[in-house]
Amino acid sequence: MDAIQGVTLLTASNWEVWKVEIKVSLMHYGAWEFIEKEESNPEVEAKLSWRDRCDLKLRKDRAFTLVYQNISNEFKPLISGTTDGAEAWKILQEHFEPNTRARKIQLLDEFFGTRYVPGENLGLFICRVKRSAERLREVGHDLPPLYQGYQMIRSLPDDFRTTVQAIYRWSDKDFVPDKIEAELLLEENRLGVVKKDLEDVSTFAFSDEVKHKIKKQKSKFQPKSLDVNSNSYVKSSKQVVKILM
């Protein structure tokens, strides 16, 4: 059985990405439930039909095989001593997410190092902040809402300065990640609308200016009509008659 297409092989540096990708694949094949639940219920399985028991065993085996086939060779020895998907997952999780003080400090450093990248979608940036906080929660270190909210607004560009200053004046009751996220996304949407309106006005003004210049250029090359009653016309007519005579 080959590795699943679309799932990156697990290496020493991509655990966070890999565990999400493999989880989605396990859910697709109906095998994730065997990762979440380590123990089966023999009484329930005994009441199943022969076909259902075969399907259950197939999905349970798949919970292990999908994990095993999608990790690099250097980590396969870690789980080669088991055929149980839940146990294999637990071994890998303990290896890549050790619940130690050093691990917590590393995650804290990553959390406070999360910065907004110029041009980045604000929703994606906030998602990165929330995910960093979630990883700390998984190792038993739950960050206060104050820190999470502060991290969401500390590195935003000047376009959000007014909104950020307003958020700083919120009460402790309102200064929570969910409300801050909602306020920032509304401001991002407003700024997007304003930017689009300015671009439309600029485009219209430029188009109008171009039309005016074209019209002006055409008028320079427009032949002037002669007035038969003007002195110049009479004078030129007399000269023509004189030449003909």
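1. In what order do the elements of the protein chain run from the N terminus on? They run α-α-α-α-α-α-α-α-α-α-α-α, and the count for the protein chain is accordingly given as 12 helices and 0 strands. Helices (H or I, at least four residues) and strands (E, at least two) are taken here as DSSP runs, numbered from the N terminus.

2. Some words on the basis of the note. This is a predicted model, in which local features need pLDDT of at least 70 and side-chain atom pairs count only at pLDDT 80 or more, while totals for chains, interfaces and linings use all residues. Residues are numbered from 1 along each chain as its sequence is written, and side-chain values use heavy atoms, with hydrogens and water left out.

3. On confidence, the mean pLDDT (the predictor's confidence in each residue, from 0 to 100) of the protein chain is 83, and 74% of its residues reach 70 or more. Confidence is highest in helix 9 (residues 145-153), at a mean of 95, and lowest in helix 12 (residues 231-244), at 51. Where pLDDT is low, the predicted coordinates should not be read in detail.

4. For the chain as a whole, 27% of the 245 residues count as buried, where buried means under 20% relative accessible area, exposed over 50%, and partly exposed in between (1.4 Å probe, protein chains only). The protein chain exposes about 17500 Å², of which carbon and sulfur atoms supply 55%; these areas come from the Shrake-Rupley method with a 1.4 Å probe, and for residues only the protein chains shown count as cover. Among contacts (heavy atoms within 4.5 Å) in the protein chain with a separation of 6 or more, 62% come from residues 24 or more positions apart.

5. The largest nonpolar core has 22 residues, and Trp 18, Leu 26, Val 67 and Leu 92 touch the most other members; such a core is a set of buried Ala, Val, Leu, Ile, Met, Phe, Trp, Tyr and Cys residues joined through side-chain atoms within 4.5 Å. At least two residues of this core are supplied by each of helix 1 (15-28), helix 2 (33-36), helix 4 (50-69) and helix 6 (85-96), and helix 4 gives the most, with 5 residues. Apart from this core lies another, of 20 residues, among them Phe 111, Ile 126, Phe 160 and Leu 184.

6. Trp 18 deserves a separate look. Leaving aside its neighbours within four places in sequence, Trp 18 is in contact with Val 7, Thr 8, Leu 9, Leu 10, Val 67, Asn 70, Ile 71, Trp 89 and Leu 92. Ser 25 also lies in helix 1 and is buried, with a relative accessible area of 10%; its C-alpha atom is separated by 9.6 Å from that of Val 67, 42 residues apart along the chain.

7. Aromatic pairs number 10, the rule being that rings of Phe, Tyr and Trp (its six-membered ring) pair if their centres lie within 6.5 Å, with planes under 30 degrees apart counted as stacked, over 60 as edge-to-face and the rest as tilted. The rings of Trp 18 and Trp 89 have centres 6.0 Å apart and planes at 25°, so this pair is stacked. The pair links distant parts of the chain, with Trp 18 in helix 1 and Trp 89 in helix 6, 71 residues apart, and both residues are buried. Ring pairs also link Trp 15, Trp 18, Trp 32, Phe 75, Trp 89 and Phe 96 into a cluster.

8. Leu 184 and Ile 126 are 58 residues apart in sequence and 9.4 Å apart in space, C-alpha to C-alpha. Beyond its neighbours within four places in sequence, Leu 184 is in contact with residues including Leu 122, Met 152, Phe 160 and Ile 167.

9. The structure holds 18 salt bridges, each a side-chain nitrogen of Lys or Arg within 4 Å of a carboxyl oxygen of Asp or Glu. In one of them Glu 181 joins Lys 130, with the closest N and O atoms 3.1 Å apart, and the pair links distant parts of the chain, Glu 181 being in helix 11 (residues 177-220) and Lys 130 in helix 8 (residues 122-138), 51 residues apart. Glu 181 counts as buried, at 18% relative accessibility, whereas Lys 130 counts as partly exposed, at 34%.

10. Arg 161 and Asp 158, which also form a salt bridge, with closest N and O atoms 3.1 Å apart, are both exposed. A network of salt bridges links Glu 16, Lys 19, Glu 97, Arg 103, Glu 110, Arg 131, Arg 135 and Glu 138.
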